[in-house]
Amino acid sequence: MHNKLDALSVETSASDLTLGGLSLDELAPEPVSYPLVSFIIRNWNYARFVGSAIRSVRNQTYPNFEAIVVDNGSTDGSRAEIEAAIADDPRFRTIWLDENLGALAGALKGLDVARGAFVTFVDSDDYLLADFAAMHVQAHLALPRGVAFTSSAVIEIDAAGAVLGSGLRGLQLETRNGGLRSPFLVLRLSEVSRAQFDQLDRSIVAHPPTENGWLWSPGTSNMFRRFLIETIRPRAKPDVMFGLSADGHFCRLAHVLSGSATIAMPLSAYRLHGDNFFAGNPALDGVVDVSGPARKFFPARRREAMRVLVEDATSFSASMGAWRFWSAIAQILDSNGASSVQVFEAPEAQAIIAENLALLFTAFGKWSTLRKLRELMSRRALQAILRAADQGPVAYAPRMVGIEISMFEARLRRKRRAKAARRKQRT
């Protein structure tokens, strides 16, 4: 249910926000405008594709957007293609970098000057369908609860633009009904018809922050709330950041903070051309494809996400709640839905925790931190972390015995309560 571009005006004057079927211009004492969307288009030596990406942004039915094109020091004629595609469109700005800083650092250059309440990072080898922004913004305005970002399905195409398939590229373990609020109870965009709204309602699934696994389509498919991603910007050094991607960093962290929503309706095209950074094969059911060079940077990605989370642990735990903060650590260190105990049995996860142990001690206190970690992992895993952090387990032995005993007593109490509840049900 896509609107045809030539059937709509893209002028702001033709757009309208309604509530309960009435224009907000009639209800509000002052004009109410659409939220500004920032498209940040990153390019490096994709002269053969970048023009399509830019034109797809220019052709959006959504009227209130800006676009920032960040060229990462291309040497293949990309500049001429970019300038030709932008023409004299005042909604576009360009940033010409002297060298390739990588996908994430390039995205941050654009984010530095972006003004929109919502942000989409556009990979220059992909493109958007005309109603991408309108449908994503409508989803944000109509979901029962606010989420950090929305992610939509893609049309998979090859280098020449031929269709290979379509669907969500994330791991969807179960089928659930969608759920927007009633169209009469939410702000409606005039660019989204009632038929489109109903289709969006049927195709959207909200994922709570505690749901684990990589659930989303890559890169271009995501629309983030800017205020949130500003709080989780990476702090890595340039040499580390070079191998990181915007969606790889922001999707996982944003989700554990505020949840996300997936839209099963394709709203962009994901191009498979043999040089993809993340995934170079068509999606298969139940499989998250990571066939590009991104895989070798996963440890660095997890380390950077962990650093962001822990360096502001006091603030994040206050806003998320202590229990969710600690479970978020396990989510950050794993993308495959494993239990926390399984996650922390991995030497890589233990090394990352050991690197951040001092910061956790500062934020929560030594013994509170050790108790929480012990609740999340096996005794053996915690001992390995203490050794790696030069905090010998022997030094903690007396106090840790007390922690182990209190945890055992808590398990007994839970079992007794469960047993009593079952007896009550039978009677």
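**Salt bridges and nonpolar cores in a predicted model**

Let me begin with E375 and R371, whose side chains meet in a salt bridge at 3.3 Å, N to O, where a salt bridge is a side-chain nitrogen of Lys or Arg within 4 Å of a carboxyl oxygen of Asp or Glu. Both residues lie in helix α15 (residues 366–376), 4 residues apart, about one turn of the helix, with helices being DSSP runs of H or I of at least four residues, strands runs of E of at least two, and both numbered from the N terminus.

This is a predicted model, in which local features need pLDDT of at least 70 and side-chain atom pairs count only at pLDDT 80 or more, whereas totals for chains, interfaces and linings use all residues. Residues are numbered from 1 along each chain as its sequence is written, and side-chain values use heavy atoms, with hydrogens and water left out.

As for pLDDT, the predictor's confidence in each residue from 0 to 100, the mean for the protein chain is 85, and 85% of its residues reach 70 or more. Over residues 4–14, however, the pLDDT is below 50, and this stretch has 14 contacts in the model beyond near neighbours in sequence, a contact meaning heavy atoms within 4.5 Å.

Returning to the charged pairs, the count comes to 14 salt bridges. One of them joins R303 and E355, with the closest N and O atoms 2.9 Å apart; R303 lies in helix α10 (residues 298–311) and E355 in helix α14 (residues 347–364), so the pair ties together parts that are 52 residues apart in sequence. R303 is partly exposed, at a relative accessible area of 27%, and E355 is also partly exposed, at 49%, given that buried means under 20% relative accessible area, exposed over 50%, and partly exposed in between (1.4 Å probe, protein chains only).

R380 and E345 likewise meet through their side chains in a salt bridge, 2.9 Å from N to O. Here R380 is exposed, with a relative accessible area of 59%, while E345 counts as partly exposed at 28%.

Which residues have the most contacts inside the largest nonpolar core? They are F121, I232, F250, F325, I329 and F344, in a core of 67 residues, meaning a set of buried Ala, Val, Leu, Ile, Met, Phe, Trp, Tyr and Cys residues joined through side-chain atoms within 4.5 Å. A second, separate core has 42 residues, including V137, V147, V186 and V192.
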